[in-house]
Amino acid sequence: MDMIVDRICTVLQEPVDIYVNPFYLPDALSDRYDAFWTEQRIDKVIAVLAKSGKALEINELYQIPNKTTLLKAKEAGIKFTFGSNNVTPDVSDLGYSLRMKKECGLTAADMYKPRIKI
């Protein structure tokens with residue numbers, strides 16, 4: 001798991017704007033989410049994410065990251081986006097994303113605004 005965290009931190013140095021499918025674990029591991037995604041590992045990724053200036057996706061399909069992680073990210077000044085992976089129509093209502101927006105007190109100021117180059 002430490003290798004995965006280190007890899008995520010390396011990828012966050014790449015020229016992208018948004019960290020998508022954040023804190024994802026495959027189905028075979030997801031029932032032990034809290035055992036794998038310890039507070040120390042989450043804090044490490046959030047610190048690198050905040051330093052990089054990249055936005056954090058709230059992913060509808062996998063319903064990640066969890067509220068605790070989102071609150072840490074908000075406190076660190078990270079901006080947010082909503083995403084669904086566009087896999088099936090049933091994620092298009094963004095129910096999880098909107099619930100997390102409300103529960104975490106996210107406002108328009110907390111949302112990512114793309115940089116437009118003209």
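Student: What percentage of the 118 residues of the chain count as buried?
Tutor: Happy to start there! This is a predicted model, where local features need pLDDT of at least 70, side-chain atom pairs count only at pLDDT 80 or more, and totals for chains, interfaces and linings use all residues. Residues are numbered from 1 along each chain as its sequence is written, and side-chain values use heavy atoms, with hydrogens and water left out. Buried means under 20% relative accessible area, exposed over 50% and partly exposed in between (1.4 Å probe, protein chains only). By that cut-off, the buried share of the 118 residues is 36%.

Student: Is lysine 51 buried or exposed?
Tutor: Lysine 51 belongs to helix 4, residues 39-52. Helices here are DSSP runs of H or I with at least four residues, strands are runs of E with at least two, and both are numbered from the N terminus. The relative accessible area of lysine 51 is 77%, so this residue is exposed.

Student: Which pattern does the chain follow along the sequence?
Tutor: Six helices and three strands make up the elements of the chain. Read in sequence order, they give α-β-α-α-α-β-α-β-α.

Student: What is the radius of gyration of the chain?
Tutor: The radius is taken over C-alpha atoms, and the globule rule is 2.2 Å times the number of residues to the power 0.38. For 118 residues the rule gives 13 Å, and the chain comes close to that, so it is as compact as a globular protein of that length. Its C-alpha atoms fill a box of roughly 40 × 30 × 25 Å along the principal axes. The radius of gyration is 14 Å.
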